Amino acid sequence: MLVDSHSHLNYPGLADRQTEVLNSARERGVGAFLNISTRQSEWDAILATAEEHDDVWASIGVHPHEADAHPDLGSAALVDAASHPRVIGIGECGLDYHYDHSPRDVQREAFAAQIGLAHEHGLALVIHTREAWDDTFDILAAEGVPERTVFHCFTGGPTEARRGLDAGASLSFSGIVTFKTAGDIREAAALAPLDRILVETDAPYLT
């Protein structure tokens with residue numbers, strides 16, 4: 001059985017044919033799905049999908065691109081959503097220094113707050129990191145790595161993979177690992193133990 005550890009089932013292109021998409025995946029051996037949120041406005045829909053389908057689970061979080069639009073990450077709304085029985089993870093959260101859609105200091109504060117929430121609720125942490133490896137690992141070291149932590153759509157090389165694995169995290173690989181130019185990602189996958197590897201579509205975004 002395959003588990004799609006990271007998808008956005010409520011995004012345009014999937015939301016309007018969600019049942020069809022899920023059934024197609026099920027027929028191909030996907031037995032469970034983690035439906036990921038990136039901003040507060042998505043939480044109700046994400047939770048509703050998880051309530052409707054027994055094999056769909058939810059994450060609640062704020063993407064680094066959205067960090068400056070969510071200054072109240074300790075709010076009752078986030079705590080309440082994280083307590084929902086279908087929520088198994090916090091995220092996706094982390095740092096994105098490629099686009100810098102939110103100021104970096106705000107991204108770092110939001111990331112640290114969500115790590116704390118994962119600890120508080122005993123939930124998995126789903127990390128998005130792009131061109132920010134050192135700060136990502138520094139914040140994880142300062143806040144403590146949750147027992148279940150995954151680097152989503154891992155695009156680092158063997159050095160970053162080793163740092164993540166040594167910290168206790170798992171690595172999730174997308175179709176990018178098949179690209180001709182992705183030799184460093186394949187090296188990272190090759191050194192990761194099988195019980196620390198996840199797969200994902202990041203649908204509707206990646207190959």
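Predicted model: local features only at pLDDT ≥ 70, side-chain atom pairs only at ≥ 80, totals over all residues.
Local features need pLDDT of at least 70 and side-chain atom pairs count only at pLDDT 80 or more, while totals for chains, interfaces and linings use all residues. Residues are numbered from 1 along each chain as its sequence is written, and side-chain values use heavy atoms, with hydrogens and water left out.

Helices H4 (residues 104-121) and H5 (residues 133-143) have axes that come within 10 Å and cross at roughly 40°. On the H4 side, the contact (heavy atoms within 4.5 Å) is made by Arg108, Phe111, Ala112, Ile115 and His119; H5 brings in Asp135, Thr136, Ile139, Leu140 and Glu143.

Then there are the rings. The structure holds six aromatic pairs (ring centres within 6.5 Å, with planes under 30 degrees apart counted as stacked, over 60 as edge-to-face and the rest as tilted). Tryptophan 133 and phenylalanine 137 are stacked, at 5.9 Å centre to centre with 20° between the planes. Both sit in helix H5, four residues apart, or about one turn of the helix, and both are buried (under 20% relative accessible area with a 1.4 Å probe, protein chains only).

Phenylalanine 154 and phenylalanine 173 instead pair edge-to-face, at 5.8 Å and 65°. Phenylalanine 154 lies in the loop between strand E6 (149-151) and helix H6 (158-166) and phenylalanine 173 in strand E7 (residues 170-173), so this pair ties together parts 19 residues apart in sequence. Phenylalanine 154 and phenylalanine 173 are both buried too. Ring pairs link Trp133, Phe137, Phe151, Phe154 and Phe173 into a cluster. Helices (H or I, at least four residues) and strands (E, at least two) are DSSP runs, numbered from the N terminus.

Methods: Axes fitted to C-alpha atoms, helices over the stretch in contact; angles between N-to-C directions. Buried < 20%, exposed > 50% of the residue type's maximum accessible area, 1.4 Å probe, protein only.
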